[in-house]
Amino acid sequence: MCRASSSSSDGNSHDPEAARASRTTRDTKEVPLIGKAASEKWEDENREDRPAERNGALMTAIQLVNSMIGSGILAFPYVLADMGLVMALVWICVFVSLNYFSNLALLETATRVGQPTGDQSDIIEAAMQSRKWARTVDLCIAIQSFGSLLSYFNVMGALGADLLKPTRDDNVALNTYPGVILIAALVLSPACFYRAYGDIAHISLLSFALIVLTTFSVVGKASTGMNAIPLGPKSALAPFTGMGNFAFAVSNQFALNEAYASMKPTDRPAVRSVVALQASLGGSLLLIMAIAGVAAVGMKTLTSNILESLSPTNTFNKTLKGLTILHLMAYIPNDFIIMRLYACRFFHINPLTIPEHRYVLLTIVLLAIPAVIMAAIPRPDVNGVFELIITLTGDIPIGIGVLLVPLLAFKRTVLDNLNDDPDIKNSEDTRTLFPHLKQYRHLYLFYIFIVIVLLVVAPITVGYTFINDCLTKSCQRYGDA
């Protein structure tokens, strides 16, 4: 039978038949995008509707920090060179603390609505008492993850084509930019058939180890380069054009509820430490890569992809590019599973319960779309497209779906009820993940302000900068320091 969205290990029990009836009612009454007959074809009632509880606290922390560190880390040297060390430090601190706060807020909200191990769509729907809010989150996260996949295929294609350039035959397309993308998609595709985010923790561990190795290899390269690190921004707009990079790179809130549901019940009490560890570790890696990349390459030759700024003939640099390709091949299943989850949830379909033949076909189609799109981008425009994708998929979808709506749900469910709930009037309430809960009102307002700036100011400055570069130089020069 299907397991209900809140695990019995958290003290909640549900009737499976009632749960299925409830899902059918929501599908037909609240979601006109899919009718009853269609919804029945997309649900196998014999499958579990929540992930297996298999991962420990440390593995969960590693998987969450791995969800931060994708190809966005390769753009951080450029971001630092553009906005300067001081503003980079400010934004790192702001977005790392926002990651910590918003992740705990999501868990707190889930507990208050009675779904501690539920999926984020159902949690937002219960908190906001509207399916429209949940669908907004689903759409934003699906778009953000899709943008991530575009950037990953972009990086693999660019780095792979550079690595294979000496062996290239004009009559063979497999070692060109589009050829590398399509081959990589085929090689990594088996891992994308895992249904649950928590099921690929072992693959996430490999991905994480590879990006750590790559980061500290760039540190080693920096020890020989020793180029100057700029302290201030290159222009008045620079601190805002780079906001999307930080929002993009320090976001994994979309994976939190799935990671928590996949934790062993005995390890869940340590979740606050898990969230703190993954946020601080992810922010540290981003800052290390940013500083080391600028020191290794220098301002004059730096582009939006640090590895493309390195000499293509040096054996050490070729090794770094190879490691990054392997990292992304292990990383893409992570974001693909998240994209598929929220794309399905937008239609109120649970990918864990889709019948096998439909599930296989859906997975093939969803993986093929971003690979084919990026393979079609002209190679000379790759750098500019890469930087634009990173910034815009960071600014808007993350701002709305990953930050704004979950924070509003936390306010409505928790902060607005502080004076009404006798259990949380005491500032030392042991049920909450937030000690001194009332004091978090001010911090909530600060983060809402940051999110508004991310949604309004940052996209305008990014759009202006991109158009200006296209008109005055060329579109591919966008992202060049």
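**View 1. Contacts and overall make-up of the protein chain.** Of the contacts (heavy atoms within 4.5 Å) in the protein chain between residues at least 6 apart in sequence, 84% join residues at least 24 apart. The model is predicted: local features need pLDDT of at least 70, side-chain atom pairs count only at pLDDT 80 or more, and totals for chains, interfaces and linings use all residues. Residues are numbered from 1 along each chain as its sequence is written, and side-chain values use heavy atoms, with hydrogens and water left out. The protein chain has 16 helices and zero strands; helices (H or I, at least four residues) and strands (E, at least two) are DSSP runs, numbered from the N terminus.

**View 2. The largest nonpolar core.** This core, a set of buried Ala, Val, Leu, Ile, Met, Phe, Trp, Tyr and Cys residues joined through side-chain atoms within 4.5 Å, has 133 residues, and Phe95, Phe153, Met156 and Phe246 have the most contacts inside it. Helix H4 (residues 76-112) gives the most to this core, with 19 residues. Leaving aside residues up to four places away in sequence, Met156 touches Val180, Ala184, Leu188, Ile325, Leu328, Met329 and Ile332.

View 3. Cys344 counts as buried at 5% relative accessibility, whereas Cys93 is exposed, with a relative accessible area of 53%. Buried means under 20% relative accessible area, exposed over 50%, and partly exposed in between (1.4 Å probe, protein chains only). The structure holds zero disulfides (pairs of cysteine sulfur atoms within 2.5 Å).

**View 4. Leu361 in helix H14.** Leu361 lies in helix H14 (residues 356-375) and is exposed, with a relative accessible area of 54%.
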